[in-house]
Structure formats: C-alpha cells, structure tokens
Amino acid sequence: MNNKNVRVHSDEVAAATHAALERRGVTVEAIAEIVYEMQKTYNPGLTIEHCIKSVERVLRKREVQHAVLVGVELDELAEKKMLSQPLQSIVENDEGLFGVDETIALGSVFTYGSIAVTTFGHLDKQKIGIIEKLDTKVGHSIHTFLDDLVGSIAASAASRIAHRMRDLEEQGETFADVPPVVLGPNNKPKPKKDM
C-alpha cells in the first residue's frame, strides 16, 4: 500500500548516497581532486579542503542524492544482468546514442546554474581524474551512469566555488582568507532516534 505520509528521512538518503559511492570505489576526495584541478588557477588560496567541503555540500542536495541512487542501482543491476533486453545490452555497452545517463546527471547539475552545466559538458568530454577510470571499460564493472554522476557532482562543486570566489572578490578576500568549513554542509546529519 502506498502511504504518502511515510517519508524517508534525509539522513538515511544521505547515508545511502555515500554508501553507494563508496561501494563503487568513489570517494569525496577523488571528486574534490577534479574540482581542485579545474578551479585552482582561478581561485587564489583555494585548497583541496575547500573542494572537499564543496563536494560534501553538493552531496547534501536531494536531487543529487536521488540521481546517484538511481544511477548506481542501474549500473549494479546491469552488472548482474538483471535488466530486460534490449536495455541490458544498451547499458552494459554504454551505447553512444544512449543519453539517459547524461540526462539524469544533468538534471542534478541544473541546481547550480549555467556554470555547472558548461563544466559538466567539459567533464563529459575530457574525462578528468576518477571519471576517466570509471569510463574505461575494464573487467566486469559497469559505470554507464556513475561516470556522468561523478562529473555532475564535480561540476556542481566547482560552480559553488566559482560563485563563492565572486563573493570573496567583492569583499576584497580570497580563499586564503576563508576556512574550508565555510563551504561545507550547514549541519551534520543527526543520529536516528530509536522508535
């Protein structure tokens, strides 16, 4: 029975998202390295810690969490050959005309504006850092969705940094003047209460 009053708690969704990425070998730090590579030239004083905090903040967005959960699930089902045909073959081979993976990833990028959208396009073509590793079809792993999702998270985190840099410039500051925690999540996940 569908009960619209029952909702999954945000902390549970956030934990599941982090677990899905970890299960697939993707760390916050690996995504942050992409962000740092792309932004260090434009943002004096930027550190990898700033980038880590920005990635963590992006991962608190429901749109991003939902996209990661759906994409990882589809990749894992394809690895187990549990999708129906012809979808199984399409996802398994990451067919060139299959754009659903980019569409899901792009949907979560829109939250962060046009800079994030163009950065996502760049990452989709250049395959920087862990994105290249995920896109390389080695062994039995399927990352048809995950490589694009990692690109969308990195693009969103980079956009946050670009916008924050503009704010800092207007205040006569740089990232060297701001502790990384400023770019991090507003609040820590609360422990679940026993019911």
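Predicted model: local features only at pLDDT ≥ 70, side-chain atom pairs only at ≥ 80, totals over all residues.

Visitor: How should I read a helix, taking H1 as the case, and which of its residues are buried?

Guide: The general idea is that an α-helix has 3.6 residues a turn, so residues three or four places apart point the same way. In this structure, H1 has 14 residues and spans 20 Å from its first C-alpha to its last, close to the 20 Å expected at 1.5 Å a residue. The buried residues in H1 are Asp-11, Val-13, Ala-14, Thr-17, Ala-20 and Leu-21. Those buried residues pack against H4 and H9. After H1 comes Gly-25, with a positive phi near 85°.

Visitor: Which residues have a positive phi although they are not glycine?

Guide: Most residues other than glycine have a negative phi, and most peptide bonds are trans. Asp-94 has a positive phi of about 45°, and Lys-127 has one of about 55°. Asp-94 sits in the loop between H5 and helix H6 (100–109), whereas Lys-127 sits in the loop between helix H7 (113–126) and helix H8 (130–135).

Visitor: Is Asp-94 buried or exposed, and is Lys-127 buried or exposed?

Guide: The cut-off for buried is under 20% relative accessible area. Asp-94, at 18%, is therefore buried. Lys-127 has a relative accessibility of 17% and so counts as buried.

Visitor: Where is a cis peptide bond found?

Guide: A cis peptide bond joins Gln-85 and Pro-86, with omega at about 5°. Pro-86 belongs to the loop between helix H4 (62–79) and helix H5 (87–93).

Visitor: How many aromatic pairs does the structure hold?

Guide: The structure holds 1 aromatic pair. Phe-98 and Phe-145 form this pair, which is edge-to-face, at 6.0 Å centre to centre and with 85° between the planes. Phe-98 lies in the loop between H5 and H6, and Phe-145 in the loop between H8 and helix H9 (146–170), so the pair ties together parts that are 47 residues apart in sequence. Phe-98 and Phe-145 are both buried.

Visitor: How many salt bridges are there, and which residue forms a salt bridge with Asp-11?

Guide: The count comes to 10 salt bridges. Arg-60 is the partner of Asp-11, and their closest N and O atoms are 3.7 Å apart. Arg-60 is in the loop between H3 and H4 and Asp-11 is in helix H1 (residues 10–23), so this pair ties together parts that are 49 residues apart in sequence. Asp-11 has 10% relative accessibility and therefore counts as buried, while Arg-60 is partly exposed at 26%.

Visitor: What links Arg-24 and Glu-76?

Guide: The side chains of Arg-24 and Glu-76 meet in a salt bridge of 3.9 Å, N to O. This pair links distant parts of the chain, with Arg-24 in the loop between H1 and helix H2 (28–39) and Glu-76 in helix H4, 52 residues apart. Arg-24 and Glu-76 are both buried. A network of salt bridges links Arg-23, Arg-24, Glu-76 and Glu-79.

Visitor: Returning to Lys-127, which side chain does its own side chain meet in a salt bridge?

Guide: The side chain of Lys-127 meets that of Asp-147 in a salt bridge of 3.9 Å, N to O. Here too the pair links distant parts of the chain: Asp-147 in helix H9 and Lys-127 in the loop between H7 and H8, 20 residues apart. Asp-147 has a relative accessibility of 2% and so counts as buried.

Conventions:
Residues numbered from 1 in each chain as written. Heavy atoms only, no water. Helix = DSSP H or I, 4+ residues; strand = E, 2+ residues; numbered from the N terminus. Buried < 20%, exposed > 50% of the residue type's maximum accessible area, 1.4 Å probe, protein only. Phe/Tyr/Trp six-rings, centres within 6.5 Å; stacked < 30°, edge-to-face > 60°. Salt bridge = Lys/Arg side-chain N within 4 Å of Asp/Glu carboxyl O. Expected span 1.5 Å × (residues − 1). Contact = heavy atoms within 4.5 Å.
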